[in-house]
Amino acid sequence: MTGPQTTRRKRANGVESRQRILDATVEIAGERGYDGTSIAAVSAKCGLPASSIYWHFKDKDDLIAAVIERSFETWLRAVELPGEDAGTPLERVTMMAANVARSLVAAPDFLRLGLMLALERRPTEPRGRTVFLQVRETAHQRIAEIVATLFPSLAEDVVDTLTTYAVAGADGLFVHREVTGDSVDLVALFELHARLIHDAAARMAAPAER
């Protein structure tokens, strides 16, 4: 008879195994991309048999999608506007941008892998690409809400334009660091990016507030 303690131990072991598999996949996918990632390579990296990986994940596609989802949840916590006691709206936006940049420096694999998948065109779309585009839309909505909160007089289409520009600019800065290397100060660039977007939003909001 299986007791509660044994059940809890099995569940904990299952969670630990899943994390080991995802951690190994992040490393391999970061080095080799989607095509270079295989269940065999993940198995060798994490030290678990392929059967254990298939117990948690249906196939490579499912595994890559899980990596993106897990990384995104961690990253999204950084996309949070500090409270009003943290300073002026500009200071709060700059602080948030710095937090987002630090999260990408600490764990770049989510965006690196997601952008690689997003830029590829395949006859059958990998689930990982679909998941990345979905979570990217979630991030877009979160940022749009922040812009609308800080500048309530802006029209919805203007908020959407500013948000699209903010996300696209962040992508570009991230890719620039990936290409150029660690000498690029991503935090400083994100802070500058945030200040420029804040200034643009303020100018766009000014006529509507007259």
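Helix axes are lines fitted to C-alpha atoms over the stretch in contact, and angles between N-to-C directions run from 0 to 180 degrees. Helices (H or I, at least four residues) and strands (E, at least two) are DSSP runs, numbered from the N terminus. The structure is a predicted model, in which local features need pLDDT of at least 70 and side-chain atom pairs count only at pLDDT 80 or more, whereas totals for chains, interfaces and linings use all residues. Residues are numbered from 1 along each chain as its sequence is written, and side-chain values use heavy atoms, with hydrogens and water left out.

Helix H7 (residues 127-150) packs against helix H8 (residues 156-180) at an angle of about 125°, the two axes lying 9 Å apart. H7 and H8 are therefore oblique to each other, a class that takes the angles left over once those under 35 degrees are counted as roughly parallel, over 145 as roughly antiparallel and 65 to 115 as roughly perpendicular. The crossing of H7 past H8 is right-handed; a crossing has this hand if the near helix is turned clockwise from the far one by less than a right angle, and is left-handed if anticlockwise. On the H7 side, the contact (heavy atoms within 4.5 Å) involves Arg-136, His-140, Ile-143, Ala-144, Val-147 and Ala-148, which meet H8 residues including Val-159, Leu-162, Val-167 and Asp-171. By class, the residues of this contact comprise seven nonpolar, three polar and three charged, where Ala, Val, Leu, Ile, Met, Phe, Trp, Tyr, Cys and Pro count as nonpolar, Asp, Glu, Lys and Arg as charged, and the others, Gly among them, as polar.

Ile-64, Val-67, Ile-68, Ser-71, Phe-72 and Trp-75 of H4 meet Phe-110, Leu-113 and Leu-117 of H6. This contact has eight nonpolar residues, one polar and no charged.

Asp-62 is also located in H4 (residues 60-76). The Asp-62 side chain forms a polar contact of 3.0 Å with that of Arg-127; such a contact is a pair of N or O atoms within 3.5 Å, one able, within protein, to donate a hydrogen and the other to accept it, and residues adjacent in sequence count only if both atoms are side-chain atoms.
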